[in-house]
Amino acid sequence: MSYYFKYSVVFLLLFIFSAVLGQEDGGRQLRNRRKNPIVKTRFGISPVLSFYKTNKNHASKAKPKMAFNFSWKEEIRLDKNNQNFLFIGAEYMFHGVNFNSYYFYADSLKLYEPGRLKYKYSLTIHELDFPIQIKHSFQKETNAIYSSYIFAGYCYRWIIESHLKVNEDGNSLVDQREPLKFKSPAFNPSNSSFLSVGGGFQKNTSLRHNAVFVELQFRYGLSPFYFNESFAPSSMYINNHCLLLTVGFKI
């Protein structure tokens with residue numbers, strides 16, 4: 001009886017030892033298979049707070065409309081420490097502004113009197129932005145569950161559609177597509193640029209190198225946009241900057 005018991009114990013110990021080695025080997029193989037990808041994809045959605053400044057002699061009471069931004073970016077790893085990255089991608093932003101200004105009827109004198117600064121202008125804008133940004137993480141994103149980062153760069157702007165409405169005491173005077181131009185354009189009149197700077201915080205999934213993130217970003221417009229119409233004041237320049245609060249995920 002003791003003979004069979006001894007061999008049973010020896011067999012059980014050998015089985016446990018083999019299982020432990022197999023698990024350790026499997027864990028080592030799993031770690032070896034955990035590739036550190038060079039490129040990851042980020043998707044985000046942002047409410048946007050826009051800041052507009054109009055020519056004070058031709059417009060007043062500029063107020064931003066509700067605005068939002070959808071973003072897709074490719075995050076390219078620049079070093080083996082997983083702390084420096086390049087962002088490139090494309091974004092869609094919808095925004096707009098309401099303001100008071102003058103309205104001149106056909107064949108009327110263009111008198112810039114304060115009492116006539118009462119017409120309600122409503123401008124909505126659809127644009128595509130193409131960011132190129134550098135990101136620096138303060139922690140190694142493969143080793144930290146939580147990491148924080150800063151980023152900065154350049155965004156190329158392209159206004160693809162805009163619409164203008166003008167009202168007087170609730171009566172519609174203008175409701176039309178309005179081609180906007182930039183005072184200092186890039187390549188063509190509907191293109192210009194933002195400079196951007198921001199910071200963020202993300203929760204990392206180390207095994208898959210995925211993350212969820214939240215970030216705050218400020219964009220400074222390098223050129224005002226404007227429109228030319230016979231009924232509107234000349235030099236209707238509008239400066240535009242914006243603040244974005246983005247939530248999203250990296251896959």
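The chain has one helix and 12 strands, where helices (H or I, at least four residues) and strands (E, at least two) are DSSP runs numbered from the N terminus. From the N terminus on, the order is α-β-β-β-β-β-β-β-β-β-β-β-β. Residues are numbered from 1 along each chain as its sequence is written. In this predicted model, local features need pLDDT of at least 70 and side-chain atom pairs count only at pLDDT 80 or more, while totals for chains, interfaces and linings use all residues; side-chain values use heavy atoms, with hydrogens and water left out.

**Confidence**

- The average pLDDT (the predictor's confidence in each residue, from 0 to 100) is 88 for the chain, and 86% of the residues score at least 70.
- Residues 3–33 have pLDDT below 50, and beyond near neighbours in sequence this stretch has one contact in the model; contact means heavy atoms within 4.5 Å.
- Where pLDDT is low, the predicted coordinates should not be read in detail.

**Whole chain**

- Of the 251 residues, 41% count as buried; buried means under 20% relative accessible area, exposed over 50%, and partly exposed in between (1.4 Å probe, protein chains only).
- Among contacts with a separation of 6 or more, 71% come from residues 24 or more positions apart.
- The accessible surface is about 14,400 Å², and carbon and sulfur atoms hold 63% of it; areas come from the Shrake-Rupley method with a 1.4 Å probe, and for residues only the protein chains shown count as cover.

**Strand pairing around S4**

- Strands S2 (residues 59–64) and S4 (residues 84–101) run antiparallel and are joined by four bridges; two strands pair if DSSP finds at least two bridges between them.
- Proline 64 stands opposite valine 97 in S4.
- Strand S3 (residues 67–77) also pairs with S4 in the antiparallel sense, over 10 bridges, and glutamate 75 has phenylalanine 87 in S4 as its bridge partner.
- The hairpin of S3 and S4 has six residues between the strands, and asparagine 82 there takes a positive phi near 55°.
- S4 and strand S5 (residues 119–137) are antiparallel and share 16 bridges; histidine 126 in S5 is the bridge partner of phenylalanine 94.

**Nonpolar surface patch**

- Leu49, Phe51, Ile88, Ile132, Tyr154, Leu195, Val197, Phe218, Tyr220 and Leu222 form a nonpolar patch on the surface with about 860 Å² of accessible area together.
- Strand S1 (39–54), S9 and S10 are the elements that give two or more residues to this patch.
- Patches are made of residues with over 30% relative accessible area and no salt bridge, with like charges joined within 9 Å and nonpolar side chains (Val, Leu, Ile, Met, Phe, Trp, Tyr) within 5 Å.
- A salt bridge is a side-chain nitrogen of Lys or Arg within 4 Å of a carboxyl oxygen of Asp or Glu.
- Valine 197 lies in strand S9 and is partly exposed, because its relative accessible area is 48%.
- In a regular strand the side chains alternate between the two faces of the sheet.

**Loop residues with positive phi**

- Phenylalanine 187 has a positive phi near 75° without being a glycine.
- Phenylalanine 187 sits in the loop between strand S8 (181–182) and strand S9 (191–205), and counts as exposed because its relative accessibility is 82%.
- Histidine 209, also not a glycine, has a positive phi of about 60°.
- The loop between S9 and strand S10 (210–221) holds histidine 209, which counts as buried because its relative accessibility is 12%.
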